[in-house]
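Here is a friendly note on the charged pairs in this structure. Please keep the model open while you read.

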Amino acid sequence: MPDHPFRRIRSKAAALAACALAVTVVAAGATPAYGATDTERPTTPGPITVVAVDTTWVELTWAASTDDVGVVHYPVGVRFEDFGAQYSTDTTSIRITGLRPSRTYTFFVAAVDAAGNRSLSDPSLRLTMPPGDDQPPGAPGQPVAYDVASTVVWVRWAHSVENVALERYEVFRVDVGGARTRVSEIYQYPPGRNSTQISGLTPNTTYTFVVQARDEAGHLSPLSEPVTVTTLPPPPSCAVRSTVGQWPDGLVARLLVTNTGSTAIDGWTMRWRFYAAQHLRSLWGAEVVERDSSYLRVRNVRHNALIPPGGTVSLGFVATGSQTPQEVTLNGGVCVVAAE
């Protein structure tokens with residue numbers, strides 16, 4: 001049968017309709033148009049309320065946000081002091097675990113829609129967890145005084161034994177009549193030091209210090225045994241002449257220390273710049289007290305403890321690296337350093 005023009009037109013129309021249907025199917029599977037055009041923020045979620053709480057977990061809920069398209073999830077933040085965590089839920093409630101008894105947390109919630117728009121302000125809730133600790137910490141160890149100077153002293157002690165978590169140590173100065181004055185607090189979250197520096201002291205004066213621990217439930221430990229220490233006389237005036245010989249991977253330094261003050265020095269501790277990467281190979285005329293990432297501290301040996309006015313003592317060391325003695329102090333007093 002010959003091809004009729006009307007039949008050809010109808011066939012072309014059917015083909016065009018099929019193409020249109022295919023385009024419609026592809027469009028139906030593409031990203032919705034509102035994903036690119038929705039700029040309206042969800043409303044702020046309702047106030048946070050506590051549904052249930054125990055010593056280590058809490059269940060929270062809040063009123064739903066509204067949005068012109070739809071809220072897809074609620075970011076929930078938790079903060080304790082300077083530390084925080086982030087959670088997410090697609091409902092209006094959440095159960096958060098792994099918390100600690102007696103700690104005070106702040107919780108935040110926001111709303112986010114499919115286009116990524118976030119609610120403008122986040123409601124918050126400050127909550128102190130129930131106490132889960134009914135035992136006080138044990139007494140800290142008896143403090144030990146070290147690096148004693150004229151106005152500064154360091155003390156350290158053995159940690160308290162605690163069944164849940166320590167909050168902090170408090171160091172007290174004990175007066176002659178037994179009254180206590182707090183001179184330092186050392187917080188233990190994250191786990192902190194069991195030592196502290198006490199400054200602002202008077203030269204050539206005797207002090208007594210004790211330490212007490214406090215746990216996160218507020219329980220106080222017994223006081224430690226006391227430590228009594230006498231600060232040194234005012235820092236001496238001193239001068240240091242250093243002679244340094246260097247080679248590619250190390251040095252040998254000889255120090256001549258002069259008491260330029262008018263009072264004799266009976267027992268001394270010296271400190272100078274000494275980086276962590278350096279290794280001390282040998283030392284004479286002194287013995288090591290302590291070294292950290294920046295300094296080396298040494299003290300006199302038996303034969304050179306006394307330095308009369310105008311008198312000198314000598315010491316020296318061999319070490320790796322190229323850092324020569326700088327920032328030298330003697331019993332807390334800054335020494336004038338001259339290299340030869």
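This is a predicted model: local features need pLDDT of at least 70, side-chain atom pairs count only at pLDDT 80 or more; totals for chains, interfaces and linings use all residues.

1. Residues are numbered from 1 along each chain as its sequence is written, and side-chain values use heavy atoms, leaving out hydrogens and water.

2. The structure holds 15 salt bridges (a side-chain nitrogen of Lys or Arg within 4 Å of a carboxyl oxygen of Asp or Glu).

3. One of them joins R95 and E59, with the closest N and O atoms 3.9 Å apart. R95 sits in strand β5 and E59 in strand β2, 36 residues apart (strands are DSSP runs of E, at least two residues, numbered from the N terminus). R95 is partly exposed at 47% relative accessible area, and E59 is partly exposed at 24% (buried means under 20%, exposed over 50%, partly exposed in between, with a 1.4 Å probe and protein chains only).

4. Look next at D147 and R297, whose closest N and O atoms are 2.7 Å apart in a salt bridge. D147 lies in the loop between β9 and β10, and R297 in strand β22, 150 residues apart. D147 is buried at 19%, and R297 is buried at 12%.

5. R273 and E327 also meet in a salt bridge, at 3.0 Å from N to O. Here R273 is buried at 15%, whereas E327 is partly exposed at 42%.

6. Finally, salt bridges link E167, R168, E170, R182, E185 and R214 in a network.

Technical notes. Helices (H or I, at least four residues) and strands (E, at least two) are DSSP runs, numbered from the N terminus.
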